[in-house]
Amino acid sequence: MLNSLTITAPDDWHLHFRDGDMLLETVPATARCFKRAIVMPNLVPPVTTTALALDYKARILSAAGADADFEPLVTLYLTNDTSPEEIRLAKQAGIVASKLYPAGATTNSDAAVKGIASLYPVFEEMQNQGMLLLIHGEVTDSHIDIFDREKEFIDQHMRAITRDFPELKVVFEHITTKDAADFVIASSDNVAATITPQHLMLNRNDLLVGGIRPHNYCLPVLKRNIHQQALRGVVQSGNPKFFLGTDSAPHEKHKKESACGCAGCYSAWSAIELYAQVFEELDALDKLEGFASHHGADFYGLPRNTDTITLERKSWTIPESIKLPNGEDIVPFMAGSAVNWQLAK
């Protein structure tokens, strides 16, 4: 039995830090093991310009501390007012990606895109500039069942975007279905996807059976077991089109446990350990390094990290709650659960 595992230092290619005092919790939690992170821009107000993105990056670095060896990769929030000129300015400033949210798809997305085809001039400029397009791939039409919204987005939008902009690198974020996995596999090498720990570990039974479990509520919502198994299959295969993106998304406990609970699972303090647990269950620990440390950097065209982390076989329990700087509690993903791997100090 393997008792320790040393891998190239990993990166998180999709997460939410939030802002303000919350950064004092979320940034150190990620920087403890991840060297880089793609930071989502759905703040209030959203990060729609290069200037706002660079200001946000400065706040993240301040929260990380002067001694932290961590690089936040901030992103632009696309709206119907985003211009090709803003894309050029962002690229010149070192911003590597922009995020497409269909309006109303998730937390703080009301200001996002209505009418995706209207952004084609922006996509063309992103293609020209070599900037990645990150897509929350769900339609938001009220008549579409929430469990079908990812597949509908593929049929209505994703096929067209990847066809019309063949040189544009597209990341299908936090995929949840066999349909999405199959689409990515069948697409060109310019299409990839991130996969979260919750969508590898859970299915919709874990959200709904025995009562609604608000701390397992995320968007895109958990799907049927057949979709969970499809995602586990693609990470088990070692396919380089798929890589780590936690979608770690903190919300205060009282906001999750409300009549209209917030979507998101806060996994930062246990993410790499939970991924290791999944890969061990799949008898695929040899594939973890590629998924966590190589595939994302390669797809983004960034250098792989050169240092390493070590995970030790050591059982520990994820805490039931974490105290935030404002005194409120947050319930971490898989709170109270035992984990078999722990990051070595």
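This is a short tour of a predicted model, with something to select at each stop.

Residues are numbered from 1 along each chain as its sequence is written. Because the model is predicted, local features need pLDDT of at least 70 and side-chain atom pairs count only at pLDDT 80 or more, while totals for chains, interfaces and linings use all residues; side-chain values use heavy atoms, with hydrogens and water left out.

**Stop 1: Val113**

Select Val113. It sits in the loop between strand E6 (97-100) and helix H4 (120-129). Helices (H or I, at least four residues) and strands (E, at least two) are DSSP runs, numbered from the N terminus. Is Val113 buried or exposed? Val113 counts as buried, at 4% relative accessibility. Buried means under 20% relative accessible area, exposed over 50%, and partly exposed in between (1.4 Å probe, protein chains only).

Now show what touches Val113. Leaving aside neighbours within four places in sequence, its contacts include Leu78, Leu100, Tyr101 and Leu119. Contact means heavy atoms within 4.5 Å. From C-alpha to C-alpha, Val113 and Pro166 are 21 Å apart, and 53 residues separate them in sequence.

**Stop 2: Helix H3**

Move to Arg88, in helix H3 (residues 84-92). Which residues of H3 are buried? They are Glu86, Ile87 and Ala90. Look down the axis of H3: these buried residues fall within an arc of 100°, so they line one face of the helix. The arc is that of the directions from the helix axis to the C-beta atoms. The buried residues of H3 pack against helix H2 (50-64), strand E5 (76-77), E6 and H4. Next, select Gly94, which follows H3 and has a positive phi, near 90°.

**Stop 3: Salt bridges**

Side chains of opposite charge can pair when their charged atoms come close. A salt bridge here is a side-chain nitrogen of Lys or Arg within 4 Å of a carboxyl oxygen of Asp or Glu. How many salt bridges are there? By this rule the count is 17.

Select Arg88 and Glu125. They form a salt bridge, with the closest N and O atoms 3.2 Å apart. Arg88 lies in H3 and Glu125 in H4, so the pair ties together parts 37 residues apart in sequence. Arg88 is partly exposed, at 29%. Glu125 counts as buried, at 11%.

Now select Asp307 and Lys35. Their side chains meet in a salt bridge (2.9 Å, N to O). This pair links distant parts of the chain, 272 residues apart. Asp307 is in the loop between helix H12 (288-300) and strand E11 (308-317). Lys35 is in the loop between helix H1 (23-31) and strand E3 (36-39). Asp307 is partly exposed, at 31%, whereas Lys35 is buried, at 14%.

Go on to Asp155 and Lys151. This salt bridge has its closest N and O atoms 2.9 Å apart. The two residues are 4 apart in helix H5 (residues 149-164), separated by about one helical turn.

**Stop 4: Lys256**

Finish at Lys256, in helix H10 (residues 253-256). Lys256 is buried yet has no salt bridge. Where is the nearest side chain of opposite charge? It belongs to Glu257, 9.3 Å away. For this search, Lys and Arg count as positive and Asp and Glu as negative; His and the chain ends are not counted. Show the residues around Lys256. Beyond neighbours within four places in sequence, its contacts include Pro214, Tyr217, His251 and Gly264.
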